[in-house]
Amino acid sequence: MSAFAADLRVISELGRRSIRQTIRRPQLSAPLIIFPTLLLAIQTGGAGRAVQLDGFPQVDSFLQFMLAGAMLQACMLAGNSGGIALAIDIEMGFTDRLLAAPISRFSIVLGRLAGTAMVGAFTAIWFLAIGLIFGVPISEGVLGVIWIIALVAATALAFGGIGAAIALRSGKASVVQGLFPLIFVILFLSTAFFPANLMLAPAADIAEYNPLSFVVEGLREPIVSAFSGPDSLKALASIGGLGAIGFVTSALALRGRVKRGG
Amino acid sequence: MSNFRANVAMIRALVRRSSNELLRVPGAAIPGVLAPTIFFLGITSAFGGLTLLPGFTTSSYQSFVIPVSLMQGAAFTGAATGVNLARDIEQGWFDRLLASPAPRPVLLAGIVLSASLRSLIPATILLIIAFAIGAHWPGFLGLGIALVVVMGMATVAATWGTSLAFRFKSQSAAPLMQAGMLLFVFLTTAYAPLDLLTGWLQDVARINPVTQVVEAARQGFVGGVTWGDTWPGLVALAGLAVLLSAMALRGMRRMTA
């Protein structure tokens with residue numbers, strides 16, 4: 001078997017293990033689905049009349065506007081959960097055993113990230129299903145759905161890289177878990193929940209430049225109106241940037257962990 | 001020592017033990033402060049434009065949301081008491097307490113009172129932040145009522161947390177302790193006045209007793225203070241506290257049965 005094929009097999013096995021782990025541990029799976037779903041339901045009921053405000057984008061309903069924000073929130077939490085699971089593996093010594101095995105070290109991290117991306121794709125399907133059940137039309141139809149699932153999976157992968165870097169650096173699940181509130185800080189400072197022109201300063205100004213705003217607009221456009229070239233490109237560039245940060249920091253953290261001897 | 005004095009001494013000892021934790025582990029108060037602060041600043045910044053809706057009762061969203069965040073802080077503090085109790089049960093410390101001649105309601109009172117007092121920490125920090133970013137001064141009466149309601153809400157959350165701790169005897173029940181109370185707080189007029197809520201949330205908020213609690217805490221920040229807006233909140237808190245205390249005492253008795 002070639003080295004590349006062997007790496008692919010390791011990535012696939014570890015990715016499958018990561019998905020099984022998320023499903024079997026409610027403390028990993030529940031925050032990805034239950035929390036964003038509850039928040040979506042409460043915010044839709046609580047702020048639903050916002051669509052009547054002057055300057056609010058043209059949408060069928062507030063739920064249609066909010067779906068992209070819920071998906072972004074879920075895939076950020078998926079990245080965080082992936083980091084927690086990796087830290088638990090480090091704490092329990094499982095990662096040390098993998099590092100001692102004759103496999104590529106990067107495939108150990110890539111396997112975890114592949115699992116995180118799949119979990120991200122699942123959350124996209126979950127929220128799209130909720131939208132469809134409650135009568136939200138997806139303006140770009142099947143193509144739009146495929147685009148959204150791919151974009152959410154890529155975003156989860158990018159955030160998974162950042163979660164993995166922190167897990168590898170700290171080796172403690174509690175440290176990665178501590179990022180949970182930070183996720184909400186970044187989300188509230190983006191257009192995930194409300195259009196920037198109706199947000200209050202200084203959050204509105206920050207949201208204009210927050211890369212998450214670009215990601216969420218890339219997800220939102222095919223739901224509420226139509227594909228937009230510039231918005232899609234900005235979303236891809238933001239995900240690419242976040243992914244690069246995740247990749248470089250996790251590679252450095254992995255190298256540091258190997259040097260320190262676990 | 002008379003029974004009454006012995007009971008008071010027991011409650012004081014339990015409250016002192018709880019405050020010792022705060023002094024020795026300063027980070028213990030952070031979860032109860034951090035999450036409500038992030039949500040307060042986040043919701044205010046993101047949804048502040050809602051005040052432009054016709055029929056919204058104030059132009060200051062900070063003033064509208066701060067009572068909700070105060071309730072959230074109280075709920076987290078109360079839930080943390082449940083988590084700490086679950087830890088004491090896991091480590092066998094609570095068994096020793098049960099072996100003491102102290103009446104069960106006195107043990108519960110000590111645990112719950114400590115939560116009630118601790119809830120003033122997140123409340124103080126949240127109020128400082130709120131006033132710094134422009135929330136209305138509710139007047140001394142409004143502020144006093146809000147703080148009484150905060151302590152009452154922490155009592156309710158603590159009885160909820162302790163009843164779950166007795167039921168599950170494990171810290172793994174922590175998410176249930178926190179999420180249950182958070183749901184109670186957010187399924188109210190948290191984001192907008194009742195008339196501006198939409199769909200199912202309007203119906204749920206109408207029958208959720210915590211809506212009355214939030215409105216009682218809100219009155220000084222949005223509009224004037226009236227007895228008519230105060231008593232429903234106090235009755236709701238008393239009702240919830242009695243109901244959940246009964247559940248917690250039942251759970252405690254089952255532990256020794």
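In helix H8 of chain B, the buried residues are Ala174(B), Met177(B), Gln178(B), Met181(B), Leu182(B), Phe184(B), Val185(B) and Phe186(B). This is a predicted model, I should say. H8(B) runs over residues 174–186, which is 13 residues. At 1.5 Å a residue that should give a span of 18 Å, and the end C-alpha atoms are 18 Å apart, so the two agree.

Chain A has a helix H8 as well, at residues 180–188. Which of its residues are buried? Phe184(A), Leu187(A) and Phe188(A) are. They cover an arc of only 90° around the axis, so they sit on the same side of H8(A). As background, an α-helix has 3.6 residues a turn, so residues three or four places apart point the same way.

Now chain A as a whole. How many helices and strands does chain A have? There are 11 helices and 0 strands, so the radius of gyration is the next thing to check: 19 Å for chain A, close to the 18 Å that the globule rule gives for 262 residues, which means the chain is as compact as a globular protein of that length. Along its principal axes, the C-alpha trace of chain A spans about 60 × 40 × 35 Å. Of the 262 residues, 49% count as buried. Take the contacts in chain A between residues at least 6 apart in sequence: 80% of them join residues at least 24 apart.

Next, the core. The largest nonpolar core has 164 residues, and those with the most contacts inside it are Met71(A) and Met153(B). Helix H3 of chain A, residues 62–92, provides the largest share of this core, with 19 residues. What does Met71(A) touch, leaving out residues up to four places away in sequence? The list is Thr123(A), Ala124(A), Phe127(A), Val152(A) and Leu219(A). In soluble globular proteins, as a general point, nonpolar side chains tend to be buried together.

Last, where the chains meet. On chain B, 24 residues are in contact with 20 residues of chain A. Two elements of chain B give two or more residues to this side: helix H2, at 30–47, and helix H9, at 199–207. H2(B) gives the most, with 8 residues. How do the residues on this side of chain B divide into nonpolar, polar and charged? There are 17 nonpolar, 7 polar and no charged residues on the side of chain B that touches chain A.

Methods:
Residues are numbered from 1 along each chain as its sequence is written. Chains are lettered from A and ligands numbered from 1 in the order in which they are written. This is a predicted model: local features need pLDDT of at least 70, side-chain atom pairs count only at pLDDT 80 or more; totals for chains, interfaces and linings use all residues. Two residues are in contact if their C-beta atoms, placed from the backbone, lie within 7 Å. Helices (H or I, at least four residues) and strands (E, at least two) are DSSP runs, numbered from the N terminus. Ala, Val, Leu, Ile, Met, Phe, Trp, Tyr, Cys and Pro count as nonpolar, Asp, Glu, Lys and Arg as charged, and the others, Gly among them, as polar. A nonpolar core is a set of buried Ala, Val, Leu, Ile, Met, Phe, Trp, Tyr and Cys residues joined through C-beta atoms within 7 Å. A residue is buried if 20 or more other C-beta atoms lie within 10 Å of its own, exposed if 12 or fewer, and partly exposed in between; C-beta atoms are placed from the backbone. The radius of gyration is taken over C-alpha atoms; the globule rule is 2.2 Å times the number of residues to the power 0.38. The expected span of a helix is 1.5 Å times one less than its number of residues. The arc is that of the directions from the helix axis to the C-beta atoms.
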